[in-house]
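Subject: Structure handover

Hello,

Please find the structure below, for your files. My notes on it follow.

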Amino acid sequence: MGTVAAIGERARVVGLALAGVAVLVADGPDDVRRVWRSLPDGVDLVILTPAAAEALESDSAMPGGHRPLTAVMTP
């Protein structure tokens with residue numbers, strides 16, 4: 001089984017570490033794109049905060065031209 005990772009603002013993703021999720025803090029659009037491009041091998045699922053999803057939506061450099069499938073995280 002692969003790793004689950006979460007990308008987004010610290011306050012929104014840090015709690016996911018308690019469930020064994022690899023938390024990748026990215027506080028701005030440039031950070032989100034940098035973290036996305038450097039995801040380690042073995043990550044099978046990525047959880048994105050709404051801001052992280054927005055940063056990736058217009059990113060033409062996503063592998064294979066894929067767009068992220070997202071669900072909105074609510075407080």
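Thr 49 is found in the loop between β3 and α3; helices (H or I, at least four residues) and strands (E, at least two) are DSSP runs, numbered from the N terminus. Thr 49 is buried, with a relative accessible area of 0% (buried means under 20% relative accessible area, exposed over 50%, partly exposed in between, with a 1.4 Å probe and protein chains only). Its side chain makes a polar contact with the side chain of Glu 9, at 2.5 Å. A polar contact is a pair of N or O atoms within 3.5 Å; within protein, one must be able to donate a hydrogen and the other to accept it, and residues adjacent in sequence count only if both atoms are side-chain atoms.

On provenance: this is a predicted model, in which local features need pLDDT of at least 70 and side-chain atom pairs count only at pLDDT 80 or more, while totals for chains, interfaces and linings use all residues. Residues are numbered from 1 along each chain as its sequence is written, and side-chain values use heavy atoms, with hydrogens and water left out.

The sheet is open and has three strands in the order β2-β1-β3, with parallel pairing (two strands pair if DSSP finds at least two bridges between them). Its edge strands, β2 (22-25) and β3 (43-48), each pair on one side only. Neighbouring strands are turned by 25° against each other on average, direction ignored; axes are lines fitted to C-alpha atoms, for helices over the stretch in contact, and angles run from 0 to 180 degrees between N-to-C directions. Five parallel bridges link β1 (residues 3-8) to β3, and Ile 7 has Leu 48 of β3 as its bridge partner.

Two helices meet this sheet. Helix α3 (residues 50-57) touches β1 and β3, and its direction makes about 110° with that of β3 (contact means heavy atoms within 4.5 Å). Helix α2 (residues 29-37) lies across β1, β2 and β3 and runs at about 165° to β1.

α2 and α3 pack at about 75°, their axes 9 Å apart, and are therefore roughly perpendicular to each other (65 to 115 degrees). Pro 29, Val 32, Arg 33 and Trp 36 in α2 meet Ala 52, Ala 55 and Leu 56 in α3.

The largest nonpolar core has ten residues, including Ile 7, Trp 36 and Leu 48; such a core is a set of buried Ala, Val, Leu, Ile, Met, Phe, Trp, Tyr and Cys residues joined through side-chain atoms within 4.5 Å. α2 and α3 are the elements that give two or more residues to this core, and α3 gives the most, with four.

Regards

Key. Parallel < 35°, antiparallel > 145°, perpendicular 65-115°, else oblique.
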